[in-house]
Amino acid sequence: MQNVTAASIVALVIELAPVVAFGLAAERMARGVQRWPVAARIAFPVLHVVPYVLVSLAQHVFRWQWFALYAGLPVATACLLSQAAAADPEQRGNWRDAIILLGLGLAVDLRWFDQAWPSGLRALNELLLVDIGLYGFLAIRQLSGVGFDFHPRWSDCKSGLRELVFFTPLVLTLGLALGFLHPHADMPRVGAAARRWVLIFFFTALPEELFFRGWVQNLLERRVGRRGALVIASVLFGLSHFNKRSAHFNWRYVLLAAIAGIFYGRAWRDRRRVPASTITHASVDWIWGVWF
């Protein structure tokens, strides 16, 4: 992030806290929330507005309409997913799930809320939407099989790196043939390269894998089966890149991202672990950024 201030650092810490908490103790967090009165469970996520208030006041860009959005959206999400949990205890997917996923996905992809944040701090918006989704789907909906777990497992590396090995020759061949990839020699120092991979892992790959694999593919499997869910989630993942690195529909990026989604999805469904697919995803993005 750029334009870093004391307020933005505090906001970042506040936004990272739920990610770490759910990553280390999702079931315990969900059980604790479920013991609260219903009204408290639904109203509690209004606190997600705090990071916006801190940053916007410090940067003199506070607007009441954005305050209302960031106060109301988390509560509406919790309310809808509470209804979904009651209407669909088998967790086969409910129209309310679809509305929440569509809204969160489009908000990020089309950058609906970016203008609420000062330049250089818009990543805080995406992290805030992750927090809203985590609370809604894990604490309120109690969606099973997500695999959002930060406890290290060798199987995550095994699954993630296996799919990387399978995918890399394919993407290199196709990417070069399409003129999408352009090799260059720009190898950073080891420390900088490692830091870059970590940043990609946590701030790019992890949110996308949580959304497309932990939530979308996970719910789709219960409706259309493993193979159908893998294909649909991968196509959606590809389409979410339609406006990346281009002012128009970037069909090359969409195609390669959809193919990548197949391998990311395979890594996730091996043991239903978001860290596994995140390793594949982060490594692909890192290789692309360093050498292409």
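A nonpolar patch, as the term is used here, is a group of Val, Leu, Ile, Met, Phe, Trp or Tyr residues that each have over 30% relative accessible area and no salt bridge, with side chains joined within 5 Å. In this predicted model, one such patch on the surface is formed by Val-224, Val-231, Ile-232, Val-235, Leu-236, Leu-239, Phe-249, Trp-251 and Leu-255. Together these residues have about 760 Å² of accessible area. Two elements, α8 and α9 (251-271), each give two or more residues to the patch. The most come from α8, which gives six residues. Val-231 is a handy example to find in the structure: this residue belongs to helix α8, and its relative accessibility of 42% places Val-231 among the partly exposed residues.

Aromatic rings come next. The structure holds 27 aromatic pairs. One of them joins Phe-211 and Phe-212, with 4.9 Å from centre to centre and 75 degrees between the planes, an edge-to-face arrangement. Phe-211 also pairs with Trp-215: here the ring centres are 6.2 Å apart and the planes again meet at 75 degrees, so this pair is edge-to-face, because planes over 60 degrees apart count as such. Both Phe-211 and Trp-215 lie in helix α8 (residues 190-239), where a spacing of four residues amounts to about one turn of the helix.

Finally, cysteines deserve a look. A disulfide is a covalent bond between the sulfur atoms of two cysteines. How many disulfides does a search of the whole structure find? The search finds zero. Two cysteines can still be described by their accessibility. Cys-79 has a relative accessible area of 33% and is partly exposed. Cys-157, at 29%, likewise counts as partly exposed, because that class covers values between the buried limit of 20% and the exposed limit of 50%.

Methods: Residues numbered from 1 in each chain as written. Predicted model: local features only at pLDDT ≥ 70, side-chain atom pairs only at ≥ 80, totals over all residues. Heavy atoms only, no water. Phe/Tyr/Trp six-rings, centres within 6.5 Å; stacked < 30°, edge-to-face > 60°. Disulfide = S-S within 2.5 Å. Buried < 20%, exposed > 50% of the residue type's maximum accessible area, 1.4 Å probe, protein only. Patch = residues over 30% accessible without salt bridge, like charges linked within 9 Å, V, L, I, M, F, W, Y side chains within 5 Å. Areas by Shrake-Rupley, 256 points an atom, 1.4 Å probe, with all protein chains shown as cover. Salt bridge = Lys/Arg side-chain N within 4 Å of Asp/Glu carboxyl O.
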